[in-house]
Amino acid sequence: MNRTTLSLLAAATALAAVTGFAALTAPDAGEARSASAPARLPVERSSLLCPAPSTSDIADTEYTSYTPARSGAAAGTDTKSAAELRPTAATLTDPDEGAAGDDKKSADEKKDEKKKDEEAKDGAKADAAERPAPEKPFLALKTPGKPVGGKESGSDSPALVGSADGGLAPGWTTQQTTVVPAGSGRGVLGVSCTAPDTDFWFPGASLAADRQDYVHLTNPDDTAAVADIEIYGTDGALKSQLTEGIPVPAGASVPVLLPTLTSDKAEDVTVHVTTRTGRVGAVVRGAGDETGSDWLPASADPSGTLVLPGIPADATSVRLVAFAPGDADADLKLRLATPSGTITPAAAETLRVKSGMTAALDLKDVTKGEVGSLLLSPAEGGQATPVVAALEVTRGTGAKQEFAFIPATAPVTERATAADNRAKGSVLSLTAPGASAEVKVTASAGTEGGEPVVKTFEVKGGTTLAVTGPPVPAGLKGSYALTVEPVSGGPVHASRTLLLPQDGIQMFTVQTLPDDRGTVEVPTARQDLSVLGD
């Protein structure tokens with residue numbers, strides 16, 4: 001086998017491990033493209049992981065799974081492809097859940113209970129390893145362009161793992177939306193089910209006494225994974241009580257209560273999840289005694305410039321949390337992209353983030369009645385130091401307040417989708433931090449009926465366009481998906497806010513729309529590789 005073929009196979013193997021599979025085909029002889037120019041091909045396999053929705057007995061969860069129809073592809077069911085989500089083999093209980101702050105038990109009692117819990121957890125791991133995956137999928141998508149939905153209720157709803165292949169793989173997305181109307185952890189918890197990876201940053205988590213934040217780790221593979229969790233406060237890394245990695249059995253999900261990892265009660269922390277072996281899906285569930293609960297997805301990769309899109313117009317409190325993972329401090333300039341232009345927030349113009357430390361800034365009601373997006377860039381004369389960041393956004397006040405999270409998100413380079421939109425209550429935010437952009441938005445068919453609708457929007461440079469009435473399928477029944485595709489112009493960042501008020505509480509959730517990575521770039525090959533020799 002010659003060296004060129006080896007390198008192509010190596011590229012395909014690497015892509016398969018991270019983003020799925022892409023077919024490698026030589027270009028036709030008549031193609032004008034250079035043999036050395038890279039090609040973009042649809043991925044042939046995608047994986048998604050959905051965390052266990054809630055521990056509340058009164059929780060109701062809706063799922064919407066969707067793959068955008070490819071341009072020019074024939075309509076109808078793709079019998080050669082599949083996109084299925086199945087319950088995990090087990091959702092293990094964190095052995096220290098509820099132990100934080102329990103000072104009434106003696107040291108010996110706590111030691112005995114911890115030993116029993118560890119033994120129980122070891123038994124659960126063994127059971128998970130031996131338990132076969134359910135034969136029938138919970139949710140099965142059969143047709144690109146036609147979403148499917150599912151529902152679960154109660155506290156025993158499991159985490160889900162799944163994969164899509166063939167024509168259903170490119171751009172496959174699933175939204176999990178849970179409503180807990182009252183009690184502990186009440187709120188709307190929305191999350192786009194995540195792809196497995198080996199490295200995640202979560203600025204915006206908390207160890208405060210009134211918060212109960214969990215990291216949910218889900219393993220999609222047939223072999224066990226081992227994960228590490230590091231926590232960084234405003235003075236640097238916090239001492240952890242965990243000296244070894246966290247085992248995540250094959251096909252299982254493990255929730256880890258953050259206060260069990262450290263005795264620190266820091267209000268603002270950054271959580272870093274990595275894996276020693278294997279890969280996992282990771283997401284943080286933040287829950288406050290007075291502020292409700294929601295999912296905190298991972299921030300975009302560390303960068304010197306970040307966009308946090310779609311702060312609701314009626315936000316009563318906005319808190320920025322940032323972290324600099326490198327060796328250099330970061331001096332950031334803050335700007336707010338509003339519907340009419342970019343301004344400097346009155347609450348603060350800059351933020352200094354020291355290396356290896358978490359920094360937080362209260363921006364108060366920064367949007368002042370207009371949807372906005374926060375833009376972070378190097379301060380005047382400063383260098384572009386990579387940071388990660390997220391916003392904790394609150395609507396309402398007092399007993400009627402509810403919070404959600406907006407992590408920094410990458411631009412939509414080709415396409416991105418937000419599933420589970422309703423006839424009312426969806427707000428699509430489109431931000432063009434640089435040049436103006438033209439964006440195509442497609443409303444899919446509904447899960448139970450309806451015809452797709454397509455609209456095009458112009459987003460002026462330096463502004464955020466709030467589409468309070470995004471396209472809705474004609475004759476909609478059920479929920480539907482919104483797909484965003486840049487047509488021309490500068491970069492576009494997007495998010496979708498879902499408003500689901502309950503009993504006077506302004507419950508909501510925000511999902512950012514990073515590119516769906518439905519295609520991968522691979523090198524093209526000459527038709528006759530033998531001329532290159534061995």
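Select Ile58 to start: leaving aside neighbours within four places in sequence, Ile58 is in contact with Val179, Val180, Pro181 and Ala182. Contact here means heavy atoms within 4.5 Å. This is a predicted model, in which local features need pLDDT of at least 70 and side-chain atom pairs count only at pLDDT 80 or more, while totals for chains, interfaces and linings use all residues. Residues are numbered from 1 along each chain as its sequence is written, and side-chain values use heavy atoms, with hydrogens and water left out.

**Stop 1: Ile58**

Stay on Ile58, which lies in the loop between β2 and β3 (60-66). Strands (E, at least two residues) and helices (H or I, at least four) are DSSP runs, numbered from the N terminus. Ile58 counts as partly exposed because its relative accessible area is 43%. Buried means under 20% relative accessible area, exposed means over 50%, and partly exposed is in between, using a 1.4 Å probe and protein chains only.

**Stop 2: the disulfide**

Next, select Cys50 and Cys193. Their sulfur atoms are 2.1 Å apart and form a disulfide; the cut-off is a pair of cysteine sulfur atoms within 2.5 Å. A disulfide is a covalent bond between the sulfur atoms of two cysteines. The structure holds 1 disulfide. Which parts of the chain does the pair link? Cys50 is in strand β2 (residues 45-50), and Cys193 is in the loop between β10 (187-192) and β11 (199-205), so that distant parts of the chain, 143 residues apart, are linked. The link of Cys50 and Cys193 is right-handed, with 110 degrees about the S-S bond. Cys50 is buried, with a relative accessible area of 0%. Cys193 is buried too, at 7%.

**Stop 3: strand β12**

Select residues 214-218, which make up strand β12. Of its 5 residues, 5 are buried, and the strand is described as mostly covered. Show the side chains: Tyr214, His216 and Thr218 point one way from β12, and Val215 and Leu217 point the other way.

Two strands pair if DSSP finds at least two bridges between them. Strand β16 (residues 252-257) runs antiparallel to β12 and is joined to it by 5 bridges. In this pairing, Leu217 stands opposite Val254. Strand β18 (residues 281-288) is also antiparallel to β12, and 5 bridges join the two. Here Val215 stands opposite Val284.

**Stop 4: Thr275**

Move to Thr275, in strand β17 (residues 269-277). Is Thr275 buried or exposed? Thr275 counts as buried because its relative accessibility is 15%. A polar atom of its side chain lies 2.9 Å from the backbone oxygen of Gly278. A polar contact is a pair of N or O atoms within 3.5 Å; within protein, one must be able to donate a hydrogen and the other to accept it, and residues adjacent in sequence count only if both atoms are side-chain atoms. Not counting residues up to four places away in sequence, Thr275 touches Asp197, Thr198, Val226, Ala227 and Val280.

**Stop 5: strand β26**

Select residues 372-378 for strand β26, where 6 of 7 residues are buried. Strand β20 (residues 306-311) pairs with β26 in the antiparallel sense over 4 bridges. Strand β22 (residues 330-338) is joined to β26 by 6 bridges, again antiparallel.

**Stop 6: an open sheet**

Then select β25, β21, β27 and β28. These 4 strands form an open sheet in the order β25-β21-β27-β28, with antiparallel pairing. Strands β25 (358-364) and β28 (402-407) stand at the edges with a single partner strand each, so one side of each is left without a neighbour in the sheet. Inside the sheet, 8 bridges join β21 (residues 315-323) to β27 (residues 388-395). Ala315 stands opposite Arg395 in β27.

**Last stop: the whole protein**

Finally, show everything. The secondary structure comes to 2 helices and 39 strands. Of the 534 residues, 51% count as buried. Among contacts with a separation of 6 or more, residues 24 or more positions apart account for 82%.
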